[in-house]
Amino acid sequence: MVPKKAVAAERTFDRRLVLTAALAGLVTSACGTPRLGRAVAAPVSASSAAAAPSPPPNPLETSLLVGFCGAPGAKALGRMTGDLTEASRLLRAQIQAFPPGRPVTPVVELIATTVHRSPGADGMYRSRCEDSTVRDYLDAARALNGLLLLNIQPGRADFPPEVRAYERWLAEPDVGVALDPEWAVEPGVVPGRKFGRTTGAELDEVARYLGGLAEAHRLPAKVMVYHQVAASVVRDEGLLGPHQGVSVVKVVDGIGSAAAKKATWKTLMTTMPAHVRPGFKLFFDEDTRRGAALMSPAEVLALTPAPAYVVYE
């Protein structure tokens, strides 16, 4: 087994390489300009976004979720960037590589709140996507008959207000969130210099909010993902309780060889609450940088417990 410290050290080194350009402000995208305050709450018009499909009450009950993540103009952050039609074609092809027999729901994971190495006007070291960007990614998800997850890298902000900033979109039946506490840093810390963290209590607050939205708008169960790379990134995880109208997935986020990733998986599964489903993340470039082969879909699904969500970056 690879020691946890070695796995975390490898992840830190590789992850910094991946995000150096983005954190330095060299990557420009629709998500690159800091914005203050909440997104304007307004209905989604028929002319601006495709009509919402009728998803099942909880897609995780009936299918495996398989997704790509990304942000416009930021190739280092995933394949779901640039030409969304082409990215969606690649996602469909990746889904075809999974063993037959189990339905798959495609997922588009947009990095909607992006961490930065500069503080921005409000000192929070993050920026939020424009509504037009979220709309484009939602249209792409709906063209796939899938789900949109809004990934939150909060910098020095807290998760609850960052999630609430997207309430306009979370009121839609096929939009959920993916929280990335690796990039949730404390006051005085510059993102990228050390791992950020969250707590089970903060995750529980977000879950309670999403459950309230689902109830108020009579929505299908909201999918709430939280990514975790190391044990220190989520503390007091047991304080995340079950909530009606929310389906929670913990995505293990380790980078490296299959052996290193499996070691991280084994470690992080021990603290996962019983009501939370497991998820697994693969990196097309970083996982194969040292000549290793990317884990196949069959290898991923052979993990114990079997992942409910598989996401690629």
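## Overall composition

The protein has nine helices and eleven strands; helices are DSSP runs of H or I with at least four residues, strands are DSSP runs of E with at least two, and both are numbered from the N terminus. This is a predicted model, in which local features need pLDDT of at least 70 and side-chain atom pairs count only at pLDDT 80 or more, while totals for chains, interfaces and linings use all residues. Residues are numbered from 1 along each chain as its sequence is written, and side-chain values use heavy atoms, with hydrogens and water left out.

Of the 313 residues in the protein, 56% are buried. Buried means under 20% relative accessible area, exposed means over 50%, and partly exposed lies in between, with a 1.4 Å probe and protein chains only. Among contacts (heavy atoms within 4.5 Å) with a separation of 6 or more, 78% join residues 24 or more positions apart.

## Helix 3

Helix 3 has 13 residues and reaches 18 Å from its first C-alpha to its last. This is close to the 18 Å expected at 1.5 Å a residue, where the expected span is 1.5 Å times one less than the number of residues. The buried residues of helix 3 are L84, A87, S88, L91, Q94 and I95. They lie on the same side of helix 3 because they cover an arc of only 115 degrees around the axis; the arc is that of the directions from the helix axis to the C-beta atoms.

The exposed residues T85 and Q96 are carried by the face of helix 3 turned away from its buried side. The packing partners of the buried residues of helix 3 are strand 1 (64-70), strand 2 (104-115), helix 4, helix 9 (297-301) and strand 11 (309-312).

## The pairing of helix 3 with helix 4

Helix 3 (residues 84-96) packs with helix 4 (residues 131-143) at an angle of about 40 degrees, and their axes are 10 Å apart. Axes here are lines fitted to C-alpha atoms, for helices over the stretch in contact, and angles run from 0 to 180 degrees between N-to-C directions. The crossing of helix 3 past helix 4 is right-handed; a crossing has this hand if the near helix is turned clockwise from the far one by less than a right angle, and is left-handed if anticlockwise.

On the side of helix 3, L84, S88 and R92 take part, and they meet D136, Y137, A140 and A143 in helix 4. By class, this contact of helix 3 with helix 4 has four nonpolar, one polar and two charged residues. Ala, Val, Leu, Ile, Met, Phe, Trp, Tyr, Cys and Pro count as nonpolar, Asp, Glu, Lys and Arg as charged, and the others, Gly among them, as polar.

Helix 4 has 13 residues, and its reach of 18 Å from first C-alpha to last is close to the 18 Å expected at 1.5 Å a residue. Its buried residues include D131, V134, Y137, L138 and A140. The elements that cover the buried residues of helix 4 include strand 1, helix 3, strand 2, strand 4 (147-152), helix 6 (167-170) and strand 5 (175-179).

Just after helix 4, N145 takes a positive phi of about 60 degrees, although N145 is a residue other than glycine. N145 lies in the loop between helix 4 and strand 4 and counts as exposed, at 57% relative accessibility.

## Helix 8

Helix 8 (residues 258-269) has twelve residues and reaches 16 Å from its first C-alpha to its last, close to the 16 Å expected at 1.5 Å a residue. The buried residues of helix 8 are A260, K261, A263, T264, W265, T267, L268 and M269.

## Residues in other loops

R79 is found in the loop between strand 1 and helix 3 and counts as partly exposed, at 35% relative accessibility. Leaving aside neighbours within four places in sequence, R79 is in contact with F68, C69, A87, F284 and D285. V189, in the loop between strand 5 and strand 6 (198-199), is buried, with a relative accessible area of 15%. With neighbours within four places again left aside, V189 is in contact with R156 and K194.

D236 has a positive phi near 50 degrees and is a residue other than glycine. D236 lies in the loop between strand 8 (234-235) and strand 9 (246-252) and counts as exposed, at 53% relative accessibility. The peptide bond from T304 to P305 is cis, with omega near -5 degrees, and P305 has its place in the loop between helix 9 and strand 11.
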